[in-house]
Amino acid sequence: MAFYTPSLLSSCSAYRLNPLLFTRHRFRIKLSHSHLKPRYFAVAARENGVFVSPETAKSFDFTAEERIYDWWDSQGYFKPNLERGSDPFVISMPPPNVTGSLHMGHAMFVTLEDIMVRYHRMKGRPTLWLPGTDHAGIATQLVVERMLASEGIKRAELSRDEFTKRVWEWKEKYGGTITNQIKRLGASCDWARERFTLDEQLSRAVIEAFVRLHERGLIYQDNLMTKQIIGSYMVNWSPSLQTAVSDLEVEYSEEPGTLYYIKYRVAGGSKSDYLTIATTRPETLFGDTAIAVHPQDDRYSKYIGKMAIVPMTFGRHVPIISDRYVDKDFGTGVLKISPGHDHNDYLLARKLGLPILNVMNKDGTLNEVAGLYCGLDRFEARKKLWLDLEETGLAVRKESHTLRVPRSQRGGEIIEPLVSKQWFVTMEPLAEKALQAVERGELTIMPERFEKIYNHWLSNIKDWCISRQLWWGHRIPVWFIVGKDCEEEYIVARNANEALEKAQDKYGKDVEIYQEPDVLDTWFSSALWPFSTLGWPDVSSQDFKRFYPTTVLETGHDILFFWVARMVMMGIEFTGTVPFSYVYLHGLIRDSEGRKMSKTLGNVIDPIDTIKEFGTDALRFTFALGTAGQDLNLSTERLTSNKAFTNKLWNAGKFVLQNLPSENDICAWETIMTFKFDKEEALLRLPLPECWVVSKLHCLIDMVTTGYDKYFFGDVGRETYDFFWGDFADWYIEASKARLYHSGGHSVAQAVLLYVFENILKMLHPFMPFVTEALWQALPNRKEALIVSSWPQTSLPMHASSIKKFENLQSLTRAIRNARAEYSVEPAKRISASVVAGNEVLQYISKEKEVLALLSRLDLQNIHFTDSPPGDANQSVHLVAGEGLEAYLPLSDMVDVSAEVERLSKRLSKMQEEFDRLAARLSSPKFVEKAPEEVVNGVREKAAEAEEKIILTKNRLVFLKSTALASTS
């Protein structure tokens with residue numbers, strides 16, 4: 001006997017497909033008891049008002065979602081059940097900022113991670129999804145400073161301890177907002193293990209990491225320094241926030257600006273000896289330390305080796321040098337080098353050994369290096385300097401120019417590249433091990449194309465600036481010696497007592513120390529997240545031993561460098577292993593037009609508002625249909641479609657429940673339970689529709705399970721959608737009515753309805769947890785919750801021949817339905833039919849005579865099965881349903897022939913008039929030559945369509961008239 005062996009996620013018929021989804025999905029599961037405490041499951045939950053049933057509720061009530069979630073949590077279902085196996089599935093939640101409010105990006109990662117967690121929980125693995133929040137140094141300090149400002153208080157008016165106390169107070173009051181919102185999305189996290197990056201344990205891990213990196217020579221304060229600026233480095237500086245910010249916190253925008261052309265006179269030359277430079281930031285000229293030209297630029301070769309006079313500096317000279325870095329075809333071909341205020345100039349100055357001058361204070365005003373402009377804001381200085389240059393004849397011209405402006409992600413101000421004393425981590429030796437992890441297959445990045453980005457970044461990595469000039473965060477564990485040069489003499493220790501002991505050992509008992517005021521970059525603590533949350537540096541802790549390394553890291557592709565790669569490097573450095581085996585990257589959520597969501601565009605969609613309107617399950621299902629690594633356009637149409645899917649599930653549950661026996665009908669339930677579907681011989685005993693739908697279900701279980709294992713969630717969702725809606729709801733439920741309402745055999749239909757539906761709920765549960773749990777609890781004889789039930793068994797029998805046979809029955813049904821629609825047959829009218837086929841086909845089609853009659857609205861008493869056309873074939877509509885399967889529908893059963901002839905004749909007359917009008921326009925040279933091409937083409941298309949309709953209508957009339965003639969002869 002041939003059995004159906006499908007390829008992974010095979011395509012399905014297009015007519016089933018919701019066009020907003022692009023494909024389909026389905027799921028199934030089994031249940032098992034949790035080890036935590038006794039369960040009362042459905043009965044107790046229903047009595048407590050947690051669940052409502054489709055038997056009593058018209059549709060699923062979204063307000064029940066929070067009750068269901070609280071019930072899950074109260075039963076301990078979110079905790080890892082260590083009795084279920086020894087191979088845990090572990091995800092560390094990307095910690096959202098404690099200042100945050102839920103946005104669609106959060107909703108995306110919560111959905112995808114919860115899908116993974118719920119699936120593996122049902123697969124029987126101890127499952128831990130560890131949640132937490134990030135202290136978000138800059139963001140949180142900014143929020144609290146604004147709060148204080150509203151009270152008339154400036155941060156500078158408070159001591160550090162007073163300010164941090166106010167921040168902790170704010171955190172306790174408002175910090176749980178995003179956690180509660182994440183719960184609203186159905187996140188089945190173990191909240192008993194929730195972490196915060198400033199928790200005592202995590203803070204201890206941060207200090208330990210800093211100390212160990214310093215001991216290994218990987219943390220430094222001074223390197224590649226110059227005599228002018230000791231212990232300094234180029235950073236992104238926020239004058240408003242008064243701190244360095246990471247590259248991630250800088251956003252670039254195209255903005256209108258000005259390009260200024262300025263004369264630099266050549267020292268010792270004539271009045272005509274000068275170089276013209278073009279700059280967008282003339283105020284930085286006070287920091288110029290050289291003028292550069294290309295060595296092969298003949299225009300300036302005579303000046304190489306001479307000195308140029310920097311304007312408005314009272315005659316300060318800088319060398320004119322040559323370097324191939326200069327693009328001689330860009331601008332004037334002359335480059336001013338201001339290494340203290342430009343990243344590229346800084347790197348060039350380091351290569352050439354040029355001095356570095358800083359002309360700017362930390363607040364964005366110019367310092368004493370700027371001479372008369374000292375104390376002016378950078379932008380005010382720019383205006384005044386240009387006026388002065390014009391007065392002295394050194395201003396050549398200025399012109400409009402589009403700038404790529406770096407702005408602070410937090411405050412929106414323009415970021416200043418600035419040389420500043422900072423702490424750094426040497427990254428190259430760490431990056432080498434992280435590269436090897438991917439090369440050796442120890443780490444898999446999905447989608448695979450992001451491996452190239454990962455490798456490129458790590459292969460070209462720069463040292464990491466880890467210090468921030470803030471008060472909120474992990475204070476750098478460095479202590480300086482009072483009276484000593486803080487650049488040369490400092491102590492690294494795990495706490496103040498240890499620092500003092502070290503200082504006393506080296507400098508004597510009377511030594512005084514003070515701690516570095518800066519804090520660590522928030523990303524430093526985040527880089528330790530997968531193992532610090534599990535107890536590291538205490539490697540003997542139970543959680544660390546059981547759950548580390550973790551399984552998957554899921555996050556947005558936009559932070560692959562800033563977070564994921566750093567976690568890999570730190571995990572290998574401190575634990576000796578890669579912190580997770582897989583990295584799953586999702587794309588960005590955009591609006592329906594593909595634009596990035598922003599307050600400026602007014603296109604931000606609030607997840608909580610969306611949940612209230614469409615339900616959590618519809619939102620989650622919409623997210624899940626995306627493709628890994630690709631951006632997803634979110635539209636009301638998609639959400640509306642998936643809300644309809646939720647309602648369809650609910651209505652299907654209502655049908656199943658209404659057609660099952662009462663829980664008290666023991667005899668009926670004993671009969672239903674005799675049906676088994678896990679053996680080939682049992683499957684073959686089923687009637688054709690039942691064998692078909694069970695075979696399709698078993699096929700789906702294998703495809704979906706493979707899809708889940710390979711993280712093909714979009715394919716899983718689409719396949720499941722199609723099976724439920726296209727196969728189960730549209731076909732099997734309708735076919736089952738022939739058994740339930742007409743011919744007997746209701747027990748087999750009841751057994752199959754229940755079996756298929758409960759497995760659909762299982763397979764859909766990771767995507768749509770709330771409605772599936774509610775429907776599961778409404779089914780009779782539930783002994784445990786859906787969330788902790790067992791995943792469906794795979795490799796169950798699938799009968800390929802029965803699938804093909806039922807598909808033939810479907811084709812015949814569609815053909816009859818189409819003919820009825822074509823002839824406008826009233827829906828309630830039953831018509832007769834002759835089915836013509838070979839003996840083998842007739843045998844299985846005739847066995848399902850009642851199903852065919854029900855689905856096609858045929859007169860059960862007038863369905864004839866024959867191997868040759870009927871005698872009235874010339875008076876019937878001839879249908880070809882497939883190879884070797886035809887049907888004849890007597891025309892007189894469907895329409896009043898004479899009335900139809902009259903109706904079509906009138907219709908043909910109107911169609912001919914319309915065609916003649918179109919043809920007349922096309923025959924006019926004036927129209928064809930002068931009208932726009934698209935208009936002419938449009939008329940041609942309409943004419944072709946009209947002509948085609950005329951031919952079809954004429955053929956129909958010929959057929960009808962011949963039928964009428966035959967009936968009267």
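In which sense do β6 and strand β7 (residues 243-245) pair, and over how many bridges? I looked this up first. β6 and β7 pair in the antiparallel sense over 3 bridges. Two strands count as paired if DSSP finds at least two bridges between them. Strands themselves are DSSP runs (E, at least two residues), and helices are runs of H or I with at least four residues; both are numbered from the N terminus.

I note that this is a predicted model, where local features need pLDDT of at least 70, side-chain atom pairs count only at pLDDT 80 or more, and totals for chains, interfaces and linings use all residues. Residues are numbered from 1 along each chain as its sequence is written, and side-chain values use heavy atoms, with hydrogens and water left out.

**Strand β6**

I stayed with the hairpin. β6 and β7 have 4 residues between them. Q242 lies in that turn and has a positive phi of about 60 degrees. I found W237 opposite A244 in β7.

I then looked for another partner. β6 also pairs with strand β15 (residues 416-420), in the antiparallel sense over 5 bridges. Here N236 stands opposite P417.

Is β6 buried or exposed? I checked residues 233-238: 6 of the 6 are buried, so the strand is largely enclosed by the rest of the structure. Buried means under 20% relative accessible area, exposed over 50%, and partly exposed in between (1.4 Å probe, protein chains only). Both faces are covered. Y233, V235 and W237 are buried on one side, and M234, N236 and S238 on the other.

**Aromatic rings**

I turned to the rings next. The structure holds 49 aromatic pairs. Rings of Phe, Tyr and Trp (its six-membered ring) pair if their centres lie within 6.5 Å; planes under 30 degrees apart count as stacked, over 60 as edge-to-face, and the rest as tilted.

I looked up W71 and Y77. Their ring centres are 5.7 Å apart and their planes stand at 75 degrees, so this pair is edge-to-face. Both W71 and Y77 are buried.

I also looked up W692 and F806. Their centres are 4.1 Å apart with planes at 25 degrees, so this pair is stacked. The pair links distant parts of the chain, 114 residues apart. W692 belongs to helix α22 (residues 688-709) and F806 to helix α26 (residues 800-822). W692 has 0% relative accessibility, so it counts as buried. F806 is also at 0% and therefore buried.

**Charges over rings**

A charge sits over a ring if NZ of Lys or CZ of Arg is within 6 Å of the ring centre and within 35 degrees of the ring normal. R155 lies over the face of W471, 4.8 Å from the ring centre. The charged end of R782 sits over the ring of W776, at 4.5 Å from its centre.
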